[in-house]
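The following note is meant to be read with the sequence and the structure side by side. Each numbered point takes up one topic and may be checked against the coordinates.

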Amino acid sequence: VINQADKFRFNRAYLVNVGFQESSPSCDYIAIHDVDLLPQNPDLLYEYPAKGPHHISSPELHPKYSYPTYIGGILLISRKHYQELDGMSNKYWGWGLEDDEFYVRIRQAGMAIDRPAGIRTGRKGTFLHNHSKERKRDHAKCYNQKKLTSRRDRKTGLSTTVYNVKSKRKLVVDGAPVNFLDIHLECDKSVTPWCKCP
């Protein structure tokens, strides 16, 4: 579990890059998994994505997002493919759009996106989307953020991920060992001044 503990705005993609770097090199694939999206159908399989990135929470199944280029929620990707793509963009401070940019990276690399077949529980019965309405998502756009994050980022990614691990804890959740890391991300304000909005 990677917890952003700094004072910057939330940056999901940057945290996914950190999680990849902190994972064991013996892991042959990762699951990019929203914590508020819980699978309810046991036929959803978290197997090695041999055909390419496997989007478990496909637009046909996700309770909220149905546009065809959506790849958020739960995506399985091999370690090799994630490295080939240079991970995700680190420019997405605040909520949203990082998955859309990652979709473009995947498609421009010529990778096919695989999705579950034969799942009959539909958009209402496949996932529980448990997002708190009390905690507001940070949708603010400041400086020239909207313009600079509306196209493919070729400058940031896994190779430019800089962070500090402030603490590491070992936990046990339902009998499974879990590493919990408090992370401080780095922000180059000459590149992304919107890591803090005024």
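**Note on the predicted model**

1. Helix α1, residues 12–22, is largely enclosed by the rest of the structure, because eight of its eleven residues are buried. The structure discussed here is a predicted model. The buried residues of α1 are Arg12, Ala13, Tyr14, Leu15, Val16, Asn17, Val18 and Phe20. Among the elements that cover them are the strands β1, β2 (29–33), β7 and β8, together with the helices α2 (79–84) and α3 (98–108).

2. How many bridges join β7 and β8? Strand β7 pairs with β8 (residues 176–185) in the antiparallel sense, over ten bridges. Within this part of the sheet, leucine 171 stands opposite valine 178, a residue of β8.

3. Another open sheet also has three strands, here in the order β2-β5-β4, and its pairing is antiparallel. Its edges are β2 and β4 (54–55); since each has a single partner strand, one side of each is left without a neighbour in the sheet. Strand β4 pairs with β5 (residues 74–78) over two bridges, in the antiparallel sense. Histidine 54 has leucine 76 of β5 as its bridge partner.

4. Ten salt bridges are found in a search of the whole structure. One of them joins the side chains of glutamate 84 and lysine 80, with a distance of 2.8 Å from N to O. Both residues lie in helix α2, four residues apart, which is about one turn of the helix.

5. Aspartate 153 takes part in a salt bridge with lysine 91, at 3.8 Å from N to O. This pair links distant parts of the chain: aspartate 153 lies in the loop between α5 (145–148) and β7, lysine 91 lies in the loop between α2 and α3, and 62 residues separate them. Aspartate 153 and lysine 91 are both buried.

6. With which other residue does aspartate 153 form a salt bridge? The partner is arginine 105, and the closest N and O atoms are 3.9 Å apart. Here too distant parts of the chain are linked, since arginine 105 is in helix α3, 48 residues from aspartate 153. Arginine 105 is buried, as is aspartate 153. Through shared partners, salt bridges join Lys91, Glu101, Arg105, Arg152 and Asp153 into one network.

7. The count of aromatic pairs comes to eight. Phenylalanine 10 and tryptophan 95 form a stacked pair, with 5.9 Å from centre to centre and 20° between the planes. The pair links distant parts of the chain, 85 residues apart: phenylalanine 10 is in the loop between β1 and α1, and tryptophan 95 is in the loop between α2 and α3. Phenylalanine 10 is partly exposed, at a relative accessible area of 34%, and tryptophan 95 also counts as partly exposed, at 25%.

8. The pair of tyrosine 29 and tyrosine 48 is edge-to-face, because the ring centres are 5.7 Å apart and the planes stand at 80°. Tyrosine 29 is in strand β2 and tyrosine 48 in the loop between β3 (37–39) and β4, 19 residues apart. Both count as partly exposed, tyrosine 29 at 25% relative accessibility and tyrosine 48 at 43%.

Definitions and conventions. Residues numbered from 1 in each chain as written. Predicted model: local features only at pLDDT ≥ 70, side-chain atom pairs only at ≥ 80, totals over all residues. Heavy atoms only, no water. Pairing = 2+ DSSP bridges. Buried < 20%, exposed > 50% of the residue type's maximum accessible area, 1.4 Å probe, protein only. Contact = heavy atoms within 4.5 Å. Salt bridge = Lys/Arg side-chain N within 4 Å of Asp/Glu carboxyl O. Phe/Tyr/Trp six-rings, centres within 6.5 Å; stacked < 30°, edge-to-face > 60°.
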